[in-house]
Structure formats: structure tokens, C-alpha cells
Amino acid sequence: PPPPPPPPTRHSTRRQRQMCIRDRLESAARLFLTHGFESVSIRQITRASGSNVASVNYHFSDKTGLYREVLASLLDSITREKLALLEKLATQQPPATLEEILNAYIRSFFDSHLPSPDSDRLMQTIYREMGPDAVTGDLVATRLIVPINQAFKELILKASPDLGEKRASFCVSSITGQVLHFIRSRDILRSIHSPEQNQTFIEDVIEHITQFSLQGIGSNQHV
């Protein structure tokens, strides 16, 4: 008979454990984004991931703990993407103009979040976590808004140092707010525009927010 397989090593056991946790997080993410926090049970997640309730409770304590891990992972992914873009702009040579910074930041939202249904569901989850029905509202602030806003504000101040910290903070919130408004209401806005206008809708929105924001900041870089 063939020799028995070697016993699992500590490293292989750790890898298997990490893969099991990853599978649970991926299954939970799909279910939470599709159905919402309240409509998903631990048993649904365990069936989808091939695990058991005791294992999920051991690693995440309860459904809220699992939801926090899922949301933190999704938010961290967005944050890494945005920070990488802002770092690239910060080190660009010759230095990026304020208009280039705003345009690239605004465009990154439309490149990343349109028109994927998964991205739409993630955005809806983030909107919910910013409102009164939030399950883990602190995560959106600490893992997404604070680090991105800080990096974006520093970059704006680098390009426009006379703006000041307070005005720069308001500008960051205003710009991001405009972007999220257009993403959330894009279908309604498209329905009231002509087919010809809709062909360039996203480019027109990016250009509008960029130029509107430049005017608000008081930059002489706008056209």
C-alpha cells in the first residue's frame, strides 16, 4: 500500500485556517451586500461557506463581529486604492496642478464604482453605515473617511497652500459629497437628459465637479 500522507505541519495548518476564514468572509460579504445585515443569518453564511456556526462564533464572536470584519476588509480595499492614487499624485513630477489632482480624485470614483452591481451594493451599504441605522458606523469614519480625507486635504494644501486647514477640510467634504450625489442619482439624472447628453454624461459630470470645485476653492487654474 502507498505510504500514508505526512502529517500536516504547523504552517500548512495555519494556511488552511486562514483560507477557511477567508472563505467565510467572502461568503458573508456576498450575502450581506445582496440582502443586508438584518436579512442574513449565521446559518446562511455557514451553508454558503461550508463551515459551522461554532467555528464562525469562535472566530468572530457573533454576526455583528463577522459583519464588522467583512465591512472593514471592504473599506480598507477602497482606502488603499484611494491612498495609492493620492500618493502617486503627491510624488508626480512635475508637480500635479490642483486641477489635475481634483480631476484624478473625482474620476477614480467613477472608474471604480460604475456600473458594477456589486459596487452599487457596496455603496448602498456604506450609505447605510453613515446613517441612523448603522450597525458599525464607526468603521466608515475610521477606516474610510478619515484617512482618505486627510491625505486628500494635504494634497490640496500642497497645491494651494493659502487655502488653510479649515477651508481645505470643507472643500474635501464638498467634493466627495458632489461625487457621491452624482453616483447615487445617476439613473434619475440620465432619465431627464437627452440620449446625446447621456453619451458624455460621466465625462461631463467629472468636468463639472472639477471646475465647480476649482471655482469654490478660488483657484486661478480653472478654464
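How many aromatic pairs does a search of the whole structure find? Let's go through this together, point by point.

1. This is a predicted model. Searching the whole structure gives 5 aromatic pairs, and two of them are described below.

2. Start with F32 and Y67. Their ring centres are 5.0 Å apart and their planes stand at 90 degrees, so this pair is edge-to-face. F32 belongs to helix α1 (residues 10–35) and Y67 to helix α4 (residues 63–90), so the pair ties together parts that are 35 residues apart in sequence. Both F32 and Y67 are buried. If you look around them, you will find a cluster in which ring pairs link F32, F37 and Y67.

3. Now turn to Y105 and F152, an aromatic pair that is stacked, with 3.8 Å from centre to centre and 20 degrees between the planes. Y105 sits in helix α5 (residues 98–113) and F152 in helix α7, so parts that are 47 residues apart in sequence are tied together by this pair. Y105 is buried, with a relative accessible area of 1%, and F152 is buried too, at 0%.

4. Next, have a look at how α7 packs with α8. Helix α7 covers residues 137–159 and helix α8 residues 165–184; their axes are 9 Å apart, at an angle of about 120 degrees. The two helices are therefore oblique to each other, and α7 passes α8 in a right-handed crossing.

5. Which residues meet where α7 and α8 touch? From α7 come N149, F152, K153, I156 and L157, and they meet E165, A168, S169, V172, S173 and I175 in α8. By class, this contact has 6 nonpolar, 3 polar and 2 charged residues.

Definitions and conventions. Residues are numbered from 1 along each chain as its sequence is written. This is a predicted model: local features need pLDDT of at least 70, side-chain atom pairs count only at pLDDT 80 or more; totals for chains, interfaces and linings use all residues. Side-chain values use heavy atoms; hydrogens and water are left out. Axes are lines fitted to C-alpha atoms, for helices over the stretch in contact, and angles run from 0 to 180 degrees between N-to-C directions. Helices (H or I, at least four residues) and strands (E, at least two) are DSSP runs, numbered from the N terminus. Angles under 35 degrees count as roughly parallel, over 145 as roughly antiparallel, 65 to 115 as roughly perpendicular and the rest as oblique. A crossing is left-handed if the near helix is turned anticlockwise from the far one by less than a right angle, and right-handed if clockwise. Contact means heavy atoms within 4.5 Å. Ala, Val, Leu, Ile, Met, Phe, Trp, Tyr, Cys and Pro count as nonpolar, Asp, Glu, Lys and Arg as charged, and the others, Gly among them, as polar. Rings of Phe, Tyr and Trp (its six-membered ring) pair if their centres lie within 6.5 Å; planes under 30 degrees apart count as stacked, over 60 as edge-to-face and the rest as tilted. Buried means under 20% relative accessible area, exposed over 50%, partly exposed in between (1.4 Å probe, protein chains only).
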